[in-house]
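User: I'd like to learn how to read a model like this one. Can you take me through some features, starting with how strands pair?

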Amino acid sequence: MSAAVDRRALLGGGLGLGLAAGLGAAVAAGRPAGAGTSGGALRIGYLPITDASPLLVAHRRGLYDRFGVRVARPVRFRSWAELAQAFVARKVDVVHLLAPFAVQLRYGLGAPVRMLAWNHTNGSSITLANGITDLGGLAGRTFAIPYWWSIHNIIAQRLFRAGGLRPVLRRNPCRSRGEVRLVVMSPSDMLPAMSNGVISGYVVADPFNAMAEVRGVGRIHRFLGGLWRDHACCVVVVNQATIDADPDRVQRFTDALAAAQLGIAANRPAAAAALADGYLPQPRPAIGKALGYRREGYERTGAIRRRDGERQRIGFSPFPFPSYTSALVEAMGRTLVDVDTRFLDGLDPARVHGDLVDDSFARRAIATSGSPAAFGLPASLTRVEEVNVFMTAGTERPPRRALTVVVPILVLVALWWLLTSVPASGHVVLSGFAPQRAVPALYEAAVHGRLFPGTAASLWRLFLGLAIAAACGVPLGLLVGLVPAVERATRPLFHFLRMISPLSWAPVAIALFGIGHRPVHFLVAVAAVWPIMLNAAAGVQAIDPGFLLVARSLGATSAERLRTIVLPGVRTPLLTGLRLALGTAWIVIVPAEMLGVDSGLGYAILNARDQLAFDRLMAVILWIGLLGYLMDSGFRALLASGTRSPSENRPRKTAPAGRPESGGAETAEEYATPSTGRPSSAT
């Protein structure tokens, strides 16, 4: 059983090699824990962030003792990975954990995790380095998140996409394409990394955002509370065995937690002083600032964009709303991550709350503390999720971006008209290419259906040639990527051949195949095979060798390694290669169809020229450009939707469709020298 769990976790790439191994082994072993029984003191694990405030303040003020619960001094961990490993291994009994991370532990690893209550609401921000004034400045740069399955990653990505940015993984981002590289980083490492220029911004819980402003190395760009109102960043979780051993003790613990939440909300400066007394390592001014952000100043910079600005800072209420759990699981399915997502397949968001959360403890704690109103909660303990990412973020770049698309088109059309109409008013040939003649000719040809037979013939030749190129290029690329000796032996030959113009082979194609369709298929295949082969080879070479080594050590056969690691790993570069091949083939097919065929768009151009119908000739040229753009856009959409959680060169047993894509290289050369930098799996 243990070996099976480890093998699935590691081959699936679920949590990164180190974390998957640790958590997988801990879950499989199911170690008992003496402190988790009713006789020992409960052990609390936490990260040094203000999100942990209720757990820590309750200990500092003796609330656990007051409610009759023995609790050891809370243990501080450096990263979410370490905290999760300790919790799953039963080294600690109660932790505050990222809400999406709890979902992953429950359904990805089968850990007996139960959510008792929310630890807090809001409390996180996007912080940008000095010199970056808006999100657009992150294009071509690296941005840190605390963990893949975090509300920080979910909201930041939605904000990026609403602002015209594109998150990517495991490669250097392209500024011109608006790409932002995401990396996982321990919260404690984010501030030094930004100060040293390693990253240009981060999204994380406080006090690390306040620390950036206190130290003058960055500024808060947006409070996440204004993007997803009163969201739960961290939740309080326990092992099911802890509840089963003594549910009354768990209830008293939750009562103490709720009392601490009320106390913090009533006197935030006093809470900051308590946290600074040996619980959080940050200076007291930063902790106090994090707990007591004031709207003055942040409304001017745009960090707060709602009237109820005070509600965007960290809040404290224990009740876990079912609507949030459901919306969170749905959002996880739309988020780019570099870990396994198969546990989300078939997972019903509406059922997760009842399975993962036991809100009976929070309900009784709220009743003990007075009423829901004491925590600012509705009496019905129900709500509708209010997510304002697209409404608030969409004004940052899209209008400007739309303008940059429309204006060049208008300028180009104006120049086209100017060059073909004004100086050529008496020139019969040149004036035939004018837009006022070509556009009506295109419309007439489309209405009467004259374009479509030729278009169908060209597309058939195009895709048949691409199929031949893929059938040759993919296996050859995998071979070159997997066998270094083959790569060394073939590199000079392949790079020599790919520099030869595909149309140079036209006489050879006619000599071999005669006049007709087959020379066209040959030329298209020759043009398309190189991008496919080179991208497939570079995709294999970019796969982390550690994945293959671990799979081999677990006894995976060559076929299993190919199926579970290599093929999923080359998916994104291979799609990029196909996109490049499509563009090259589309350029080649038009002149190739001038070599003796009697159909197709290339033939239509020759026919229009022979009839001196220059308006129809220009109409066909416009149609070729429009078709090429549409096909390329389709491939870009395929790359952008790729998988639910694409991971470039990440092993995965399946490749589900309908998920955002991490991005692909625009040239074969970019993949031929892949970046060696990789985000940490879960530091």
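Predicted model: local features only at pLDDT ≥ 70, side-chain atom pairs only at ≥ 80, totals over all residues.

Analyst: Happy to. Strands in a sheet pair through backbone hydrogen bonds, in either a parallel or an antiparallel way. Here, β3 (residues 94-98) and β11 (residues 234-239) run antiparallel and are joined by five bridges.

User: What is the strand order of the open sheet, and which strands are at its edges?

Analyst: The open sheet has five strands in the order β2-β1-β3-β11-β4, and the pairing is mixed. β2 (75-76) and β4 (113-118) are the edge strands, each pairing on one side only.

User: Is Cys234 buried or exposed? And what about Cys174?

Analyst: Under 20% relative accessible area is called buried. Cys234 has 0% relative accessibility, so it counts as buried. Cys174, at 18%, is counted as buried too.

User: Where does Arg342 sit, and how accessible is Arg342?

Analyst: Arg342 lies in the loop between α15 (322-332) and α16 (349-356). Its relative accessible area is 22%, which means it is partly exposed. Look across the sequence as well: Gly108 is 234 residues away along the chain, yet the C-alpha atoms of Arg342 and Gly108 are separated by 7.7 Å.

User: Which residues does UniProt list as "transmembrane region"?

Analyst: The unreviewed UniProt entry lists residues 402-419, 459-484, 496-516, 522-551, 572-592 and 612-631. Residues 612-631 are 90% helix and 0% strand, with end C-alpha atoms 30 Å apart. Residues 496-516 come out at 52% helix and 0% strand, with the end C-alpha atoms 28 Å apart.

User: What is the mean pLDDT of the chain, and where does pLDDT stay under 50?

Analyst: The mean pLDDT is 80, and 82% of the residues reach 70 or more. Stretches under 50 include residues 1-18, where the model has 56 contacts beyond four places in sequence. Residues 24-35 also stay under 50, with 27 such contacts.

Definitions and conventions. Residues numbered from 1 in each chain as written. Heavy atoms only, no water. Buried < 20%, exposed > 50% of the residue type's maximum accessible area, 1.4 Å probe, protein only. UniProt positions renumbered as here; feature names shortened; annotations may be inferred. Helix = DSSP H or I, 4+ residues; strand = E, 2+ residues; numbered from the N terminus. pLDDT = per-residue confidence, 0-100. Contact = heavy atoms within 4.5 Å. Pairing = 2+ DSSP bridges.
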